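Hi,

Here is the structure I wanted to pass on to you.

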Amino acid sequence: MKLGGIKSVENAHDDSVWAVTWAPATATRPPLLLTGSLDETVRVWKSDELILERTNTGHCLGVASVAAHPLGSIAASSSLDSFIRVFDVDSNATIATLEAPPSEVWQMRFDPKGSILAVAGGGSASVNLWDTSTWELIATLSIPRVEGPKPTDKSGSKKFVLSVAWSPDGKRLACGSMDGTISVFDVPRAKFLHHLEGHFMPVRSLVYSPYDPRLLFSASDDGNVHMYDAEGKALVGTMSGHASWVLCVDVSPDGASIATGSSDRTVRLWDLTMRASVQTMSNHTDQVWGVAFRPPGGNDLRTGRLASVSDDKSISLYDYS
């Protein structure tokens, strides 16, 4: 795989762009790109041209995460205002508004079937699960307190949860914390399984392989990308190359490559067979908060797409084949 054909939109938002995801194709349209910004909006873009389709407003503080339902028709945005807004991608109509305590709404992901929305709970050291048919909170997965030498040390007794990821079979949920640990849950049983260790700084992004429910990738402020056997609790690979924090990671639809974004202002493409960086893209001028591969599906999608977003307010779109 090789990235090329860069198309960028400068000033795509009025402030830093922190979130990016793809709304999959539906029967009536191709995939759409969704971006969330500190300017309090979610913007919807045409898949190949990066033409703005519509702007979704309603948050009163910056948007921290955007997640799209696997059927492509609805999406959710979380904000620093502690609200989650669920909306129709094609009409912008609000479907539901979910409220959380302050600092308890961070990254979100729909499960592969689209029946559950998982929300990283920030300071509550938990992940909240919402039923997408009723928009009721159905479970809270709490991360066990780590027993340390100083149980009175508050910083060591609680985890601030930043990121979440579903396994492709929907049975496992992983979440990354500020202290560098990754926690894995058995979702059907609502049971904590184990921690994955190896990072020593915040884990801001996680993604499972689309084909292997055991293989988990993590991006951390320690500058490393890790590959875990999430079932066997084993660190199976470490990839280094970024000059600063790794803020985001996504895996290609074929499972052969990953892309990462960093505060070193670059996007890197990694070959998983080689476990090495094979390409570095340097078109952003500030830290890169999000990378997202376009999912397969839809008509006339001859080549793949990767999108990246940055504090420089821009969106970049790369093609690959």
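Does Asp14 count as buried or exposed, and at what relative accessibility? Asp14 counts as exposed because its relative accessibility is 57% (exposed is over 50% relative accessible area, buried under 20%, partly exposed in between, with a 1.4 Å probe and protein chains only).

A word on the source: this is a predicted model, where local features need pLDDT of at least 70 and side-chain atom pairs count only at pLDDT 80 or more, while totals for chains, interfaces and linings use all residues. Residues are numbered from 1 along each chain as its sequence is written, and side-chain values use heavy atoms, leaving out hydrogens and water.

The structure has 11 salt bridges (a side-chain nitrogen of Lys or Arg within 4 Å of a carboxyl oxygen of Asp or Glu). One of them joins Asp14 to Arg43, with the closest N and O atoms 3.9 Å apart. Asp14 sits in the loop between strand 1 (3–9) and strand 2 (17–23) and Arg43 in strand 4 (residues 42–46), so the pair ties together parts 29 residues apart in sequence (strands are DSSP runs of E, at least two residues, numbered from the N terminus). Arg43, at 14% relative accessibility, counts as buried.

Arg172 pairs with Asp186 in another salt bridge, at 3.4 Å between the closest N and O atoms. Here strand 15 (residues 172–177) supplies Arg172 and strand 16 (residues 182–186) supplies Asp186, 14 residues apart.

Enjoy exploring it!

Definitions and conventions
Helices (H or I, at least four residues) and strands (E, at least two) are DSSP runs, numbered from the N terminus.
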